[in-house]
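Biologist: I have not seen this structure before. Please take me through how to read its features.

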Amino acid sequence: MSNPSASVGVRLEGVTKSFGDTAVLKGIDLAMAPGTLTTLLGPSGCGKTTILRLVAGLEMPTTGRILIGDEDVSLLSASHRDVAMVFQSYALFPHMTVGENVSYGLKVQGVGKEERHARAEAAMASVGLAGYGGRYIDQLSGGQQQRIAVARALILEPKVMLFDEPLSNLDSKLRRQMREDIRRLQQDTGITSVYVTHDQEEALSVSDEVVVISEGAIAQKGTPKHLYRRPVSPFVATFMGDANITTGRVRDLDGVMVVEIDGLRVPIEDAEGLAGERQVALRPESLNLKDIGPGLRGTVRSHAYVGAATEYWVQWGDHELFAIMPASTREFPVGAQVYVDIDPVGVAVIG
Amino acid sequence: MLSLYRGYGRVAWVALGLAAFLLVFLALPILKVVFVAFQDPHSGALTLLNFADFFGAALFQASFLNSLYVSGMSVLLATLIAIPLAYYTTRFNFEGAVLIQTLGIIPLIMPPFVGAVAMVLLLGENGSVNLLLDEHFGFTIPFMRGLNGVILVESIHYFPFILINLSAALNNIDRAMEESAQNLGCHGSRLFRRVVFPLAMPGYVAGASLVFIKVFDDIGTPLLLNINNMLAPQAYLRISSIGIADPMGYVISVILVVFSIFSLWVSLLAMRGKDYATVQKGGGGLARRDMRPWEKVVCYAIIIVILLFVLSPHLGLTLLSFGTIWSFSVLPDAYTFDHYLTVFQSAFGYVTNTLLYAGIAAGADVVIGTAIAYIVLRTGLAGRKWLDYIAMGALAVPGVVLGIGYLRTFHDFQVPLVDKPLASWWVIIVVALTIRRLPYALRACMAALQQVSELLEEAAENLGATKARSVRRIVVPLMSGGILAGFITSFATASVELSATIMLVSNESDAPLAAGIYEFMQNAAGRGPGAALGMIAVLIVGLGTYLSHVVIERGKKSREATSIVGEETAT
């Protein structure tokens, strides 16, 4: 496998893309560091897959440049870029065996049969499917197809790997496992990777950096933790996980930064320069319902038992707060007067 | 941008080549025909005089009315045959459904003109049936007298078009529609009139307009039945007896084209309206019920009568091909293999010509069809849709018209090396067959390409394959089932095509099967060998039809297998 130190970065400079009159990307500037995994996260139709296809060369930018390492590849056709893609639907060739699929890229390069075979075996082994070479695609399960798609891309030892919502067709258990496998393979090989998903949990768990895309532009980029803790807009805050958006006043209280929400003071970190009236995102997991204060006073509107937790909707003034409480805690009936306390971990000041 | 342009460079040349081919061999000849029809034959000035002459002549008036009458009556008779068959299969749990499906295919494997002479021997004035009727009951039925013969032959040949469309339309009707109508208090014949019939109408109209134009354009059947006063035969006779300068052939061509376009338009309009029958999911057709015993008797009786008529050309042709002398008798005097021997010894050239012509034409069709399908569906070339439109335009061109157009356009074009006018070189027959069958092959290729996900092509390019390579190694192999089915269908139908080829065969050694059958059938002595040739033609078409059915079914099955994966991978 390639040497991590040989990894190259990917850069998009002022890239726009229009299909007819529809502007899909409105000026993207993005640098992905060598050897990292960057996730493009956003709702469907935001343009994240278009960015991926531009890097792959399956679309050409309307304006702007795309660089892989120091090479400007903006005008290079897909077949000439050293970029391998794992397609959402896998796009495995149904008329070829698994082995032929995996070694197709090598065949195109003119690699000899024996070497092809050996490297295909190794690639299949690296995704845990050694010995599957003779089967046809329709004899594989969805998860196995996914692995083969990864192996087919990996075998070329590309400079860049692209993943287009690779896990969206798998069930949740398999998804978690594949997520870990992809992350491990990426770290082992050190191939710079771009990963597209609309699932924030997936994005947070696999990425070095997350780029949130909204309506063809970058809404925010940063480490998963940063995005979660310090979203720049309500859009990013809600997209990074369920959030109750409300307002609070950030102030310095004898050297400790706190945010005051309806009189309730919650200490927050890294809030220098944020003093004043701010929008605040409250994660439902960090809201605790209690019989006594301190807390936001409210009334339980409804609740739902969802196994490991109980979900509550609490009327608080003219807001409705969504809270998730561990199932081990006691239940509050509908109509109960409660105090909602806030765990500082789940408070994000927006801005 | 540069590489995008570079990628299209070669494709653009291919597209231009295809456009040039279609313009020269389809658009140009037809425009030429239309132009000549409006041209004064002496001065060359534009005029309506030819049309005035046409409608002023008693023969042409009669031909025009006869063609309308025969086409209309054929549609009517075909409808009367198709309705009970469609009704039984869609309305009842009927064990004979397979029988009806077979009934719907048998006529299609024999071109109508092949069976026409045999039909005269079975059902004509002095044919087997009337001889028996006269002997036992003292009356005869004029099945084949005059225009009746054409109507009968055409309708038992073309009713499957109505049957297939009507059955499909009935099967597409949502059961919930019928149920909600019943729920609203509508049932019985009122239900049929107000709900079922209107919903099935578009399918019926599409099938009926197809039958109308097929009959309107047919030239072999009336000619073999000695009916000359119809439009299409007149076009042929004027050109072949008076010459290509006579304007009447062109006037008739224009009328044929106008009617073709009109009926295609009607059928297109009808099919577009068809969508509303299938808007909801979980249709599954009308509620079926079991038949009562007496209903079964009636049903089988009707089917057997239809079956006898449908099989009569096949039966007659078989008898004719094995019979020694068959005249004024119920059955031939004796049986022999002589006709087949004659065919194999002296007339086998027709068969080899046909295999050659139809083979090349069908091959060209799928190559052109695949190329056009790819250009239209997978590239962004400007004006690419026009390739599709022009190729499909061949549907509106009757064979006779194309033949006349070629004669007129390429008469003066000497082919280098061969030293012959292009219009009388055998290759022009192949070109005519290619153009005539192209719309069908093109649809097959389009459908096949639509089954191949564009992502697979992108994946191949992503893995380093060039555009050309990914088309050759990924796209085309995955289309192969559809392409093969298109090839076989084109081959089978091209091998019995008569209307265009009859105009273009300049000497007998170049003649294909259909022309050979036509030649033999002209005189009484040639009927035996003609029938033997006809049997060979039926065999070729039958085998072709069966093979393409097998290929398509196999394709469906393998798609089903992958569609399980497909569903899992669907977003």
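This is a predicted model: local features need pLDDT of at least 70, side-chain atom pairs count only at pLDDT 80 or more; totals for chains, interfaces and linings use all residues.

Biologist: Which residues form the salt bridge with each other, and how many Å apart are the closest N and O atoms?

Modeller: Side chains of opposite charge can pair when their charged atoms come close. Here Arg53(A) pairs with Glu458(B), and their closest N and O atoms are 2.5 Å apart. Chain B and chain A also have 5 residue pairs in polar contact, both residues being at pLDDT 80 or more. A polar contact is a pair of N or O atoms within 3.5 Å; within protein, one must be able to donate a hydrogen and the other to accept it, and residues adjacent in sequence count only if both atoms are side-chain atoms.

Biologist: Which elements of chain B supply at least two residues each to the side that touches chain A?

Modeller: They are α1, α19 (454-462), α20 (467-494) and α23 of chain B. Helices here are DSSP runs of H or I with at least four residues, strands are runs of E with at least two, and both are numbered from the N terminus. α19(B) gives the largest share, 7 residues. By type, this side of chain B divides into 15 nonpolar, 7 polar and 5 charged residues. Nonpolar means Ala, Val, Leu, Ile, Met, Phe, Trp, Tyr, Cys and Pro; charged means Asp, Glu, Lys and Arg; the others, Gly among them, are polar.

Biologist: How many residues of chain B are in contact with chain A?

Modeller: 27 residues of chain B are in contact with 35 residues of chain A, contact being heavy atoms within 4.5 Å. The area buried between the two chains is about 2,700 Å², and carbon and sulfur atoms give 62% of that. Buried area is the accessible area (1.4 Å probe) that two parts lose on being put together, summed over both.

Biologist: Now the inside of chain B. What are the two domains into which it is divided?

Modeller: Domain 1 takes in 1-36 + 337-562, and domain 2 is 61-336; such bounds come from an automatic or database domain assignment. Their centres, taken over C-alpha atoms, are 26 Å apart. In domain 1 of chain B, 36 residues are in contact with 38 residues of domain 2. About 3,200 Å² is buried between these domains, with 79% from carbon and sulfur atoms. The count of salt bridges between them is 0, and 4 residue pairs are in polar contact, both at pLDDT 80 or more. Among the elements giving two or more residues to the domain 1 side are α1 (2-37), α14 (338-346) and α23 (527-569) of chain B. α23(B) gives the most, with 10 residues. That side of domain 1 divides into 26 nonpolar, 7 polar and 3 charged residues.

Biologist: In chain A, how do strands β1 and β2 run?

Modeller: They run antiparallel, joined by 8 bridges; two strands pair if DSSP finds at least two bridges between them. Lys17(A) stands opposite Leu25(A) in β2(A). The two strands form a hairpin with 2 residues between them, and Gly20(A) in the turn has a positive phi of about 65°.

Biologist: Where is Asp254(A) placed?

Modeller: Asp254(A) is in the loop between β11 (244-253) and β12 (256-261) of chain A. Its phi is positive, about 55°, although the residue is not a glycine.

Biologist: Is the peptide bond from Gly293(A) to Pro294(A) cis or trans?

Modeller: That bond is cis, with omega near 0°. Pro294(A) is in the loop between β15 (287-290) and β16 (296-305) of chain A.

Conventions:
Residues are numbered from 1 along each chain as its sequence is written. Chains are lettered from A and ligands numbered from 1 in the order in which they are written. Side-chain values use heavy atoms; hydrogens and water are left out. A salt bridge is a side-chain nitrogen of Lys or Arg within 4 Å of a carboxyl oxygen of Asp or Glu.
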